[in-house]
Amino acid sequence: MAQPSFVPVSLPHVAMPNADWADAFAIRTSSHAITPEMAAHKIMSNRPDWVVHLMRFRDLVVRPFGLKSGARDSTDPNIIGIFPIMARSENSITLGLDDKHLDFRLVVEVQHDSPDQTLIRTTTLTKRHNMFGRAYLATIMPFHRVIVPTMLKAAFPQ
């Protein structure tokens with residue numbers, strides 16, 4: 001079974017040159033005809049129930065602060081999961097949101113290493129705007145570092 005791994009990422013990053021925090025995870029799959037958009041859909045649609053409940057709880061907690069909770073129009077082709085598409089290229093797709101506490105990007109990259117091996121890499125980038133953005137990121141980070149690999153493994157189990 002494929003296991004997600006932490007991979008190094010350096011800043012600045014082309015998807016968000018002003019980011020001040022980043023991490024990345026990758027997984028290998030035998031899905032050889034997958035595009036970045038297909039990979040992003042697969043990752044976002046394979047959220048375990050506990051992640052869905054955790055995100056709902058997050059939305060309730062941050063609502064009084066006026067923070068965005070993500071897009072909710074599942075029929076919009078420019079939204080994947082709860083995130084608007086910010087950019088597309090042949091090998092990557094960038095999802096994200098800008099808010100008053102921080103700006104966020106999720107970059108899903110696809111690298112076809114051989115006819116039967118594809119590397120899927122997710123890079124999370126943030127630009128914290130203020131003390132609240134720093135506190136928010138510090139609070140969610142332990143969850144983030146479990147959620148992303150869990151979603152990758154659920155999306156690409158082989």
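Reply: First, the ground rules. This is a predicted model, with local features needing pLDDT of at least 70 and side-chain atom pairs pLDDT 80 or more, while totals for chains, interfaces and linings use all residues. Residues are numbered from 1 along each chain as its sequence is written, and side-chain values use heavy atoms, without hydrogens and water.

Me: In what order do the seven strands run in the open sheet?
Reply: The order is E1-E2-E7-E6-E5-E4-E3, with antiparallel pairing. Strands are DSSP runs of at least two residues (E), numbered from the N terminus. Two strands pair if DSSP finds at least two bridges between them.

Me: Which are the edge strands?
Reply: E1 (5–7) and E3 (79–80); each pairs on one side only.

Me: Switching to aromatics. How many aromatic pairs are there?
Reply: Two. Rings of Phe, Tyr and Trp (its six-membered ring) pair if their centres lie within 6.5 Å; planes under 30 degrees apart are stacked, over 60 edge-to-face, the rest tilted.

Me: What are the details for Phe6 and Phe25?
Reply: Their centres are 5.6 Å apart and their planes at 80°, so the pair is edge-to-face.

Me: Is Phe6 buried or exposed?
Reply: Exposed, at 54% relative accessibility. Phe25 is buried at 6%. Buried is under 20% relative accessible area, exposed over 50%, partly exposed in between (1.4 Å probe, protein chains only).

Me: And what about Phe83 and Phe104?
Reply: Centres 5.1 Å apart, planes at 45°, so that pair is tilted. Phe83 is in strand E4 and Phe104 in strand E6, 21 residues apart. Both Phe83 and Phe104 are buried.

How values were computed
Helices (H or I, at least four residues) and strands (E, at least two) are DSSP runs, numbered from the N terminus.
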